Amino acid sequence: MTCRPEKPAGEVEDISVEPISLDVLLASVGKEVGVSPWRIVTQRMIDQFADATDDHQFIHCDPERARLETPFGGTIAHGFLSLSLLSAMTFETMPPLENSKMGVNHGFDSLRFLAPVKTGSRIRTRFVLADVKVRPSGWVQTAHDVTIEIEGSKKPALTARWLTLTLIERQPETA
């Protein structure tokens with residue numbers, strides 16, 4: 001069973017990213033390793049996120065009131081919605097490690113929300129590989145400096161140092 005719903009027309013296309021070796025990953029530390037496609041943040045996405053998190057503050061869910069009572073001119077995405085889109089933008093952009101069995105979030109060393117994402121805005125993420133730690137257990141920890149950009153904005157929506165863990169299947173030694 002899959003968690004991936006069908007994408008409505010006009011949304012992000014399916015992108016296939018080829019796996020990379022651990023050596024290639026290690027050689028990429030300090031480099032920008034990906035820029036995701038632009039993604040539109042719709043009112044429908046915001047409303048669904050509000051329902052999932054039970055955060056129905058009017059700045060997110062009431063377009064007319066947000067237009068009249070906020071400096072944003074309308075509704076804005078939840079900061080945590082923008083943050084949560086990192087997972088999807090990673091799958092669209094970042095090559096998986098060869099022989100990876102699974103990946104999990106490990107946390108954030110830093111996170112700052114810098115500008116609101118207005119409904120209808122297009123966002124994308126820049127990924128800079130900051131660090132890689134290979135653990136004897138088979139887990140590979142990566143730290144990415146991520147910036148979610150808002151099209152046409154000088155300020156990004158957010159910046160963060162994102163830590164993830166990937167479990168790789170050990171390969172038999174060859175003689």
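W162 is buried, with a relative accessible area of 6% (buried is under 20%, exposed is over 50% and partly exposed lies in between, for a 1.4 Å probe and protein chains only). The model is predicted, so local features require pLDDT of at least 70 and side-chain atom pairs pLDDT 80 or more, whereas totals for chains, interfaces and linings use all residues. Residues are numbered from 1 along each chain as its sequence is written, and side-chain values use heavy atoms, without hydrogens and water.

**Exercise 1.** Determine how many residues the largest nonpolar core has, and which elements give two or more residues to this core.

*Solution.* 
- Step 1. The largest nonpolar core has 22 residues (a set of buried Ala, Val, Leu, Ile, Met, Phe, Trp, Tyr and Cys residues joined through side-chain atoms within 4.5 Å). V41, L81, L85, V117, I123 and I148 have the most contacts inside this core.
- Step 2. Two or more residues each come from α2 (43–53), α5 (79–93), β4 (122–134), β5 (139–150) and β6 (158–168). These labels denote DSSP runs numbered from the N terminus: helices are H or I with at least four residues, strands E with at least two.
- Step 3. Helix α5 supplies the largest share, 5 residues.
- Step 4. Another core, of 7 residues, lies apart from the largest one and includes L25, L129, V140 and I168.

**Exercise 2.** Classify the aromatic pairs that the structure holds, and locate their rings.

*Solution.* 
- Step 1. There are 2 aromatic pairs. Rings of Phe, Tyr and Trp (its six-membered ring) pair if their centres lie within 6.5 Å; planes under 30 degrees apart are stacked, over 60 edge-to-face, and the rest tilted.
- Step 2. For F80 and F113, the centres are 5.7 Å apart and the planes stand at 85 degrees, so this pair is edge-to-face.
- Step 3. Because F80 belongs to helix α5 and F113 to strand β3 (residues 100–113), the pair ties together parts 33 residues apart in sequence. F80 is exposed at 55%, while F113 is partly exposed at 41%.
- Step 4. F108 and W162 form a stacked pair, 6.2 Å centre to centre with 10 degrees between the planes. F108 lies in strand β3 and W162 in strand β6, so parts 54 residues apart in sequence are tied together.
- Step 5. F108 is partly exposed, with a relative accessible area of 34%, whereas W162 is buried at 6%.

**Exercise 3.** Describe the surroundings of T142.

*Solution.* 
- Step 1. T142 is located in strand β5 and is buried, at 6% relative accessibility.
- Step 2. Setting aside neighbours within four places in sequence, T142 is in contact (heavy atoms within 4.5 Å) with L25, L129, D131, V132, W162, L163 and T164.
- Step 3. The side chains of T142 and T164 are joined by a polar contact of 2.6 Å. Such a contact is a pair of N or O atoms within 3.5 Å; within protein, one must be able to donate a hydrogen and the other to accept it, and residues adjacent in sequence count only if both atoms are side-chain atoms.
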